[in-house]
Amino acid sequence: DRVVLGAVGGGLIDWAAAPLFGAAATNLTLDYARWRPLPGGRLYAEMRVLVGGAPASGNFSFTLPAAVLSGLAAGGRADIGAATMLDGGSNWYGGRVIGASGTGYVTNFGAHDLVRTASPFTWATTDELFLTMEYRFA
């Protein structure tokens, strides 16, 4: 169920983003995932994930608040937002959020590849991932 947040959340709505590395949420804490509709069939969303130890092996993915409108992507994948990754509390990395139907992925600028357990760095305690997205939804 979606819950409307008060003034602190700016009228944003919570969603169950289900962040994963591979097929598991091992050592991942969803700090928040919230979205709001925008005019023209678009939405804005933001999400923050905290890492509490070594995550499971595989690519990082999460459930989008709504599927990306089909036909707006190259090869079924659309660039829908920005990613900021914090390694060890002091090293920052940038990337993009990619939407494929109802699933989100993150790429990183350095390796030009999907974010995964050991890319762009080895994910561990005190690492963070912050995403902002805006896209047309189905």
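## Salt bridges and strand pairing in a predicted model

R34 and E46 are both buried, where buried means under 20% relative accessible area, exposed means over 50%, and partly exposed lies in between (1.4 Å probe, protein chains only). The structure is a predicted model, in which local features need pLDDT of at least 70 and side-chain atom pairs count only at pLDDT 80 or more, while totals for chains, interfaces and linings use all residues. Residues are numbered from 1 along each chain as its sequence is written, and side-chain values use heavy atoms, with hydrogens and water left out.

### Salt bridges

A salt bridge is a side-chain nitrogen of Lys or Arg within 4 Å of a carboxyl oxygen of Asp or Glu. The structure holds six salt bridges. Three of them are set out below.

| Pair | N to O distance |
|---|---|
| R34 and E46 | 2.6 Å |
| R42 and E134 | 3.4 Å |
| R116 and D113 | 2.6 Å |

The side chains of R34 and E46 meet in a salt bridge. R34 belongs to strand β3 (residues 28-38) and E46 to strand β4 (residues 42-51), so this pair ties together parts that are 12 residues apart in sequence. Strands here are DSSP runs (E, at least two residues), numbered from the N terminus, as are helices (H or I, at least four residues).

The side chains of R42 and E134 also meet in a salt bridge. This pair links distant parts of the chain, with R42 in strand β4 and E134 in strand β10 (residues 128-136), 92 residues apart. R42 counts as partly exposed because its relative accessibility is 29%. E134 is likewise partly exposed, with a relative accessible area of 41%.

In the bridge between R116 and D113, R116 is partly exposed at 33% relative accessibility, and D113 is partly exposed at 32%. Elsewhere, salt bridges that share partners join D31, R48 and E128 into one network.

Two strands pair if DSSP finds at least two bridges between them. Strands β3 and β4 run antiparallel and are joined by 10 bridges; R36, for example, has Y44 in β4 as its bridge partner. The two strands form a hairpin with three residues between them, and G40 in the turn has a positive phi of about 80 degrees. Strand β3 also pairs with strand β1 (residues 13-14), in the antiparallel sense over two bridges. There, the bridge partner of I13 is W35 in β3.

E46, in strand β4, counts as buried because its relative accessibility is 10%. Its side chain makes polar contacts with the side chains of R34 at 2.6 Å and Y44 at 2.5 Å. A polar contact is a pair of N or O atoms within 3.5 Å; within protein, one must be able to donate a hydrogen and the other to accept it, and residues adjacent in sequence count only if both atoms are side-chain atoms. Leaving aside neighbours within four places in sequence, E46 is in contact (heavy atoms within 4.5 Å) with residues including L12, W15, Y32, F130 and M133.

### The position of T107

T107 is placed in strand β8 (residues 103-108). T107 is buried, with a relative accessible area of 18%. The C-alpha atoms of T107 and G95 are separated by 5.3 Å, although these residues are 12 residues apart along the chain. Apart from neighbours within four places in sequence, the contacts of T107 include M85, G95, I98 and V115, as well as D113, the residue whose side chain meets that of R116 in a salt bridge.
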